[in-house]
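Keep the view open and follow along as we go.

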Amino acid sequence: MATTPTTNGGASDLPMVDAQNVHKYFHHNQVLRGVSMQVRKGEVVVVIGPSGSGKTTFLRCLNHLEKITSGRIYIEGQMIGYREMPDGKLVEDSEANIARVRAEIGMVFQRFNLFAHMTALQNVMEAPIQVKHEPHDQVEAKARALLAKVGLAEKDDAYPARLSGGQQQRVAIARALAMDPKLMLFDEATSALDPELVGEVLAVMRQLADEGMTMVVVTHEMGFAREVADRVIFMDGGVIVEEGAPANIFTAPQQKRTQDFLHRIL
Amino acid sequence: MNQILAFYHHFDWGIVLPSLFKPLIIQGLIFTVLISVISQFAGTVIGLVLYFLRRSRFAPMRFFADAYIWFYRGTPLLVQILFLYLALPYLGIAVPLRNFDFFGAIGFTPELFFLDSFLAGVVALSLNEGAYMSEIVRAGIDSMDIGQMEAARSLGMTYAQGMRRIVLPQAMRVIVPPLGNEFNNMLKTTALISDISFYELLGAAKQLGNPSFRGLELLVSASIWYLVLTTVWGFIQSVIERRLGASSLDPALRNTRWWERLMGIGRGVETAPAIPGTVAGVPPVIQGDRR
């Protein structure tokens, strides 16, 4: 991919993700109560926490699939979802602008969400052609390479219904990578998989991390968090309770809530 | 029954069969198909538009769509047809057109085809069909997993792109079977237009049969044609459904035979196809958030 204008010059010093005091309500139910965090370029951040802690909601806010109620989220210095007016008020951004930022953020969903009416290859080719208007032949070559990368070169003609959960999720990762994202979001990418299929998806994620991809990963896979994460964030009750290097979080958690959570699941 | 038949002296099959191919009947047949296709097409477009109005962020648009559907589903179609027939001339729509011999120009018997009847009929059927199609479109689109649209958006597609490329093509599989039923209905509902002096199939049959006191025979002739139309359509519909279901794993959707379709006993034709992630019976509503 050609270098994007935002990566020129001083922009490269900016954090990939800069979330500032993010609040989120669903009607009267407050799900996020002031979440602030930064993700450096090339960093792998794993978010853990009990269900209902707001970790998935927070991840979905990062590409504006959920609208935040207050706070700010910058992706490489560019605010997502909103424009700041001269008087400091935030106005929701135009659909085209939001789509443009999203095109640079890959997302992998718990339930895969492959396009059911398209083959694996068509799934991977869809966005580069429709969104970036890249030439068909070039996109097809890239898509085949990506399917090979996730170990599914021979499944190019298969519809999602013919693929196992693990295979579907790997196609979904290839689909996201086809847009040459600068940031990848993983929303419990292995939670809907049969236990014996979890490994093949984690292996692909691990490979991505090794290649230097910036990743925010919401997961229940503590082994993955321990081995792959540069930093682990523990969320509970809509706030970040504790964060740090995986060794510290898993062996010497400081907060009682973190200790209780790790006690329950390890 | 005997008394009725006695009035006609005898029921004469010798009139029924030759009447099938009388020019006026054939012309009526062509018009029945023409009106059905136009009205179903326009009604489907109106139904789509109504769906998006109902999902609009702007309250007046939602209100308009709801009021439209409430009105068209709440009044008799025959009343709507008669109303438009009487109202169109006031709008000045049909009167200038009537002087243009459209039907004569394409080889029909002009004095028996009134353009204002034709217009009133097509417009009334289309508007009415739109109200019903919007419900079918809604059922189809809302039965899609919301995750499909979210995945499209996460890749940088807009709402319109996601609809056009991802959601609508899949919703078609759910929409087509009831759409086919609507068209089957439409083929027969056009008969109402005979009440505003238009000589579609039934109008032509009445025109030929009533003056000669052979109404019963001509009604049977018309019925034979209606049966031919719906049978042929049932065949076409099952072919379309099988094509659409080609990538589906649900055998019920793929293997609906044309005669099952016709008899309404096809397995699974009214249920949602097996699209992974779709919760059967609980259509997830596409939320108001259109970003």
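Over all chains, the count comes to 32 salt bridges, a salt bridge being a side-chain nitrogen of Lys or Arg within 4 Å of a carboxyl oxygen of Asp or Glu. Side chains of opposite charge can pair when their charged atoms come close. Take A:Glu211 and A:Lys149, whose closest N and O atoms are 2.6 Å apart. A:Glu211 sits in the loop between helix H6 (195-210) and strand E10 (215-218) of chain A, while A:Lys149 belongs to helix H4 (residues 136-149) of chain A, so this pair ties together parts that are 62 residues apart in sequence. Helices (H or I, at least four residues) and strands (E, at least two) are DSSP runs, numbered from the N terminus.

A quick word on the ground rules. This is a predicted model, where local features need pLDDT of at least 70 and side-chain atom pairs count only at pLDDT 80 or more, while totals for chains, interfaces and linings use all residues. Residues are numbered from 1 along each chain as its sequence is written, chains are lettered from A and ligands numbered from 1 in the order in which they are written, and side-chain values use heavy atoms, with hydrogens and water left out.

Now for the sheets of chain A. One is an open sheet of six strands with mixed pairing, in the order E8-E9-E10-E3-E11-E12; two strands pair if DSSP finds at least two bridges between them. Its edges are strand E8 (105-108) and E12 of chain A, each pairing on one side only. From one strand to the next, the twist averages 20 degrees. Inside this sheet, strand E3 (residues 44-48) of chain A runs parallel to E10(A), joined by four bridges, and A:Val47 stands opposite A:Val218 in E10(A). Strand E11 (residues 231-236) and strand E12 (residues 239-244) of chain A run antiparallel, with five bridges joining them. Here A:Ile233 stands opposite A:Glu243 in E12(A). The hairpin of E11(A) and E12(A) has two residues between the strands, and A:Gly237 takes a positive phi near 60 degrees there.

Another open sheet in chain A has four strands in the order E2-E1-E4-E5, with antiparallel pairing. Strand E2 (29-39) and strand E5 (78-79) of chain A are the edge strands. What packs on this sheet? That's helix H1 (residues 55-62) of chain A, which touches strand E1 (17-26), E2 and E4 of chain A; contact means heavy atoms within 4.5 Å. The direction of H1 makes about 60 degrees with that of E2(A), using lines fitted to C-alpha atoms, for helices over the stretch in contact, with angles running from 0 to 180 degrees between N-to-C directions.

Finally, let's see where the chains meet: 29 residues of chain B are in contact with 32 residues of chain A. Together they bury about 2700 Å², 55% of it on carbon and sulfur atoms; that is the accessible area (1.4 Å probe) that two parts lose on being put together, summed over both. Three salt bridges are found across this interface. A:Arg60, for one, forms a salt bridge with B:Glu150, their closest N and O atoms being 2.5 Å apart. On chain B's side, helix H9 (146-154) and helix H10 (159-189) are the elements that give two or more residues. H10(B) gives the most, with nine residues.
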